[in-house]
Amino acid sequence: MLRAQNQVLKKGVVDEQANSAALKEQLKMKDQSLRKLQQEMDSLTFRNLQLAKRVELLQDELALSEPRGKKNKKSGESSSQLSQEQKSVFDEDLQKKIEENERLHIQFFEADEQHKHVEAELRSRLATLETEAAQHQAVVDGLTRKYMETIEKLQNDKAKLEVKSQTLEKEAKECRLRTEECQLQLKTLHEDLSGRLEESLSIINEKVPFNDTKYSQYNALNVPLHNRRHQLKMRDIAGQALAFVQDLVTALLNFHTYTEQRIQIFPVDSAIDTISPLNQKFSQYLHENASYVRPLEEGMLHLFESITEDTVTVLETTVKLKTFSEHLTSYICFLRKILPYQLKSLEEECESSLCTSALRARNLELSQDMKKMTAVFEKLQTYIALLALPSTEPDGLLRTNYSSVLTNVGAALHGFHDVMKDISKHYSQKAAIEHELPTATQKLITTNDCILSSVVALTNGAGKIASFFSNNLDYFIASLSYGPKAASGFISPLSAECMLQYKKKAAAYMKSLRKPLLESVPYEEALANRRILLSSTESREGLAQQVQQSLEKISKLEQEKEHWMLEAQLAKIKLEKENQRIADKLKNTGSAQLVGLSQENAAVSNTAGQDEATAKAVLEPIQSTSLIGTLTRTSDSEVPDVESREDLIKNHYMARIVELTSQLQLADSKSVHFYAECRALSKRLALAEKSKEALTEEMKLASQNISRLQDELTTTKRSYEDQLSMMSDHLCSMNETLSKQREEIDTLKMSSKGNSKKNKSR
């Protein structure tokens, strides 16, 4: 961008310079024309002076010739006629010259004025162009400085990036080396695990007589592993949901109750005049709201009580969710029943004479919001009914659709929150407009404030529920897989119920098997032992170094093991060849002693399983060296004794066994030491996790108590405000009655005074 602007500015400067040069040339041309005109003017003035002198001379001659003419009139009539003709010619010539001189003066004056004007314009334009050129030059200088700074920055960045690229290349090389090492380790681990897998499969095939996880119908009856943390988490979530539903139920009760009070007051006060039959029916239905709203809280309470630490909480076992869904369905039927009356009541308000255009618009918006609220509740009830199907009808909802239904529940709750925000906004505007009406009573103002506070409470409760459900949505989806081992889940509610019964029986059986505990270690002694244990453990870095060293030793030992296994295989192959060759030779020679010797050599080699053969059948003396020692054998006549050879082999193996046992004991002692340290570290980690969990639980309880206290404070504050408003209304009504009574007393006094005056006058 800066380069493009620089090029544009350079083009502008060049164009302005070209324009200034052209203007300078025009100025030179104008100066030249002005000089020419001045020269012509000078020549004309000189000519005029000559003509003026000639006229003076002619006038002088005429003056001299007139007296002479008087004397010689008679004699010089002919000469006078000639002089008159010359005079007339001179007069005409003079008149023409004067006119031409005047015309030239006018042209000169006009040319001079035009030249001055053009010169002033050109000078002003030249000044502006010079200032613009200076500004452009300053901009160009600033851009060049910026360009130089950016170039320096880019060069520095380039140097930094080069250094960074070099470091990254080094890291890439190190990573390649590490990947190669990891691949080698992966190969070894794969071989080890494949061997273990084959061994375990063979054991399972040989030892396990019956596999009860093969069929899903039987597997559903198996009792899953008890996950206490999952149950506590689900109970905590259910408790939070119960608190939110209780707040929502309270807000709904207040909303319907205050709406009923408002119908009795506006647009017609029932204390003054009878309200319309429509509003009477609507008020009668609203009076029944508690019978539909209270069961929601009871159903949620039963659902919370059904989730205990001993049960298994999944959708197939939450039977109480069906009752909550039924209560929600009854409440939605109540909303559908009162919706037409509510819309007609708003239309009746719009038709009243007190309703303004702004109030009519707010009523229309509220009618649309009430329709949306009923639709959102219907949508929410549909999804909750779907979630209640697995506990009653297993074929009603597939397990693959659980996550989508839960996601739609969260979306419906957010939609409910948005609708309540719109209702709160529109009702606050409606209340503000009604408060400004001249006929607005204190009862109407108080009732509107109460309805607005209940709508705000509904909005806050809906927002809390929506955020709570969206925060725990991932946990809900993840907890759906909690069920029998190696199966897709519970098959039917009947199998889930049977599983729970088996779980209770298993728990009772475990309790019956529980033996009384032995005397435990005293608390002070346990603390002292714990301090000793914690102080005796080494640091994490030292343990990591020891583990690294042990891993290196293990890898070296595995490499040596593979090497010596290959050596043993080669030795076996050589031994077989030697035995074959000796057997062939013995067959040819027919010597029975050599046959026995070869058989003994073969038996020794097969029982030992070492790296190389111990003998070769040749005539010359040959030495055979291996792990079991060195054997020297001469020709057939010099074969050593069998017993001495067996003793030699036995002594060698005994020494080797002693050495291996010492190494094994050393390795066992080191492994025991490492195991003790690792066990101490695991205990410390478990204690730390337990303390962390306890602290988190305490923090959750504290936050719940704080939120509960805040809600109680707000509710008490609102109740106090309502009571104060009611007391203030009562006091106002009492003041009005007192003022009316005082006015009546004053009128009575005035009437009594008038009667007394009349009586006196009578």
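**View 1. Asp112 is partly exposed, with a relative accessible area of 23%, and it forms a salt bridge with Lys116 in this predicted model.** The closest N and O atoms of Asp112 and Lys116 are 4.0 Å apart, a salt bridge being a side-chain nitrogen of Lys or Arg within 4 Å of a carboxyl oxygen of Asp or Glu. Lys116 is likewise partly exposed, at 46% relative accessible area (buried means under 20%, exposed over 50% and partly exposed in between, with a 1.4 Å probe and protein chains only). Because Asp112 and Lys116 are 4 residues apart in helix H2, about one helical turn separates them; helices are DSSP runs of H or I with at least four residues, strands are E runs of at least two, and both are numbered from the N terminus. Residues are numbered from 1 along each chain as its sequence is written. In the predicted model, local features need pLDDT of at least 70 and side-chain atom pairs count only at pLDDT 80 or more, totals for chains, interfaces and linings use all residues, and side-chain values use heavy atoms, with hydrogens and water left out.

**View 2. Arg262 and Glu434 form a salt bridge whose closest N and O atoms are 2.3 Å apart.** Arg262 belongs to helix H4 (residues 228–265) and Glu434 to helix H9 (residues 402–435), so this pair ties together parts that are 172 residues apart in sequence. Arg262 and Glu434 are both buried. A search of the whole structure finds 17 salt bridges.

**View 3. Glu578 and Arg581 form a salt bridge in which the closest N and O atoms are 2.9 Å apart.** Both residues lie in helix H14 (residues 540–589), 3 residues apart, which is about one turn of the helix. Glu578 counts as buried at 15% relative accessibility, whereas Arg581, at 36%, counts as partly exposed. Elsewhere, salt bridges that share partners join Arg262, Glu349, Lys430 and Glu434 into one network.

**View 4. Seven aromatic pairs are found by a search of the whole structure.** Among them, Phe469 and Phe476 form a tilted pair, at 5.4 Å centre to centre and with 50 degrees between the planes; rings of Phe, Tyr and Trp (its six-membered ring) pair if their centres lie within 6.5 Å, with planes under 30 degrees apart counted as stacked, over 60 as edge-to-face and the rest as tilted. Phe469 is buried, with a relative accessible area of 12%, and Phe476 is buried at 12% too. Ring pairs also link Tyr292, Tyr331, Phe334, Phe377 and Phe416 into a cluster.

**View 5. The charged end of Arg235 sits over the ring of Phe304, 4.3 Å from its centre.** The charged end of Lys233 sits over the ring of Tyr475, 5.6 Å from the ring centre (the criterion is NZ of Lys or CZ of Arg within 6 Å of the ring centre and within 35 degrees of the ring normal).

**View 6. Leu197, Leu201 and Ile204 form a nonpolar patch on the surface, with about 270 Å² of accessible area together.** Patches are made of residues with over 30% relative accessible area and no salt bridge, like charges being joined within 9 Å and nonpolar side chains (Val, Leu, Ile, Met, Phe, Trp, Tyr) within 5 Å; areas come from the Shrake-Rupley method with a 1.4 Å probe, and for residues only the protein chains shown count as cover. Leu197 lies in helix H2 (residues 77–207) and, at 48% relative accessibility, counts as partly exposed.
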